[in-house]
Amino acid sequence: MDALRYSRPRYEKLLNHYLDTEQVKVLKGIRRCGKSVLLEMLVEELKRRGIEDRNIFYKRFDLFGLPAVQEADALQKEIEAALQLIDEGSAFYVFLDEIQEVVGWERVVRGLHAQPGVDIYITGSNAELFSSELATLLSGRYIELEIYPLSFTEYLHFWEEAGLPARDTESAFRLYLLYGGMPSLFSLKTWDEEDIFRELISIYNTVVLKDVAQRHKIRDLALLERLVKYIFSTSGNLLSTRSVANYLTSSGVKTAYETVDSYLYALVQALILHAAPQGGLQGKELLRPLQKYYPADTGLRNLATNFRLQNIGFQLENVVYMELLRRGYAIEVGTLEKAEIDFVAQRRSERLYIQVSETLGDEKVFERELAPLRAIRDSFPKVVLTMDKLRVGTTEDGILVGSLLEWLQQEEK
């Protein structure tokens, strides 16, 4: 079995839930996070259910050898030819993978959606495309499914399915923290640091050069590289665009605030970087809110430091932040008058306050992590996640001190 075909039940369940519904299904996520494989697995499932090959149209647009510029007219003709082959009234399934490579793709999708019996699935690696053009043309008749690199639970499943040497949970997590959870790591012939490094560099270069530099017509690649390295290596710190520009200028790379702002926007749109803005708590108004930036994967983050084990606390924050995104939360950095809460996570009517700390052995550290949570007077859950087993439990005032590893392995909702 191909390592990349290992099951990802959460996403497979979602796709099955929306199968044969009228909405266009939009799978978006950073390149190489597994979107294409999920489509291929759904195609195979349809065939197992008896759907004939002629009723399935699948095309991937980022393969080597395809034209650099692909036009919508050619795609339209190809789909029309395929439609001529199916029986009248039968379902027709269309899978368009990395659709942003096709100029004018939006109107092809809109035209298909207007036809009865057509079930459409598209993937892409650029958030901007789906938040603008598609939204305008389909006006609410599509559903977005966010696809992320492997969760820790998925990582453990892939590890077992790949037949790699058994590891205890803590040592597996150390590797997950260091090298991240891009699914393609499990297709490597050897679990060797050099192979892992080359694979992550390949992913990084594809995203930064193709989805960031090429798409946004960025010519100063040296500045982009310096910016990415700085943002990745300082992830978890509150930053402003101006402070980043000032740092780069002081380190000998002269740049303007507007340039940094546009580059950060491009990185976020390419889904390699996510932003958590400050949010005021207890009526605190923020005139100039800062942001924390988190890479989509800690392996990509650690490329910036050549995999040196440093800033473990921020790496743990990164893992928790991405897991909250997977579970469907919108996330802010909670700001009090004299303190900060790592994450305020909102999902519909739910709210969750989370602090992340590598260790709580020192009494001062323990009290420091709890103090901001104690300052919040509402009844929403308040949690400290830690690698420290000694402090796990519930405090007298109802704050849960939980094992980070156990929390990551809870059943995803």
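1. A residue is called buried when its relative accessible area is under 20%, exposed when it is over 50%, and partly exposed in between (1.4 Å probe, protein chains only). The model is predicted, so local features need pLDDT of at least 70 and side-chain atom pairs count only at pLDDT 80 or more, while totals for chains, interfaces and linings use all residues. Residues are numbered from 1 along each chain as its sequence is written, and side-chain values use heavy atoms, with hydrogens and water left out.

2. Helix α3 has Ala72, Leu75, Ile79, Ala82 and Leu83 as buried residues. They lie on the same side of α3, because they cover an arc of only 100° around the axis (the arc is that of the directions from the helix axis to the C-beta atoms). On the face turned away from the buried side are the exposed residues Asp73 and Lys77. The cover over the buried residues includes β2 (56-60), β3 (70-71), β4 (92-97), β5 (102-103) and α4 (105-113). Helices (H or I, at least four residues) and strands (E, at least two) are DSSP runs, numbered from the N terminus.

3. The length of α3 (residues 72-83) agrees with expectation: at 1.5 Å a residue its twelve residues should span 16 Å, and the end C-alpha atoms are 16 Å apart. The expected span is 1.5 Å times one less than the number of residues.

4. A nonpolar core is a set of buried Ala, Val, Leu, Ile, Met, Phe, Trp, Tyr and Cys residues joined through side-chain atoms within 4.5 Å. The largest one has 94 residues, of which Phe173, Ile231, Ile272 and Ile354 touch the most other members. Helix α9 (residues 193-214) gives the most to this core, with eight residues. Another core, of 24 residues, lies apart from it and has Val24, Phe61, Phe92 and Val108 among its members.

5. Which residues does Phe173 contact, leaving aside its neighbours within four places in sequence? They are Phe152, Leu316, Val319, Met387, Leu404, Leu405 and Leu408, with contact meaning heavy atoms within 4.5 Å.

6. Rings of Phe, Tyr and Trp (its six-membered ring) pair if their centres lie within 6.5 Å; planes under 30 degrees apart count as stacked, over 60 as edge-to-face and the rest as tilted. The count is 19 aromatic pairs. One of them, Tyr155 with Trp159, is tilted, at 6.1 Å centre to centre and 35° between the planes. Both residues lie in helix α7 (residues 152-161), four residues apart. Tyr155 counts as buried because its relative accessibility is 0%, and Trp159 counts as buried at 8%.
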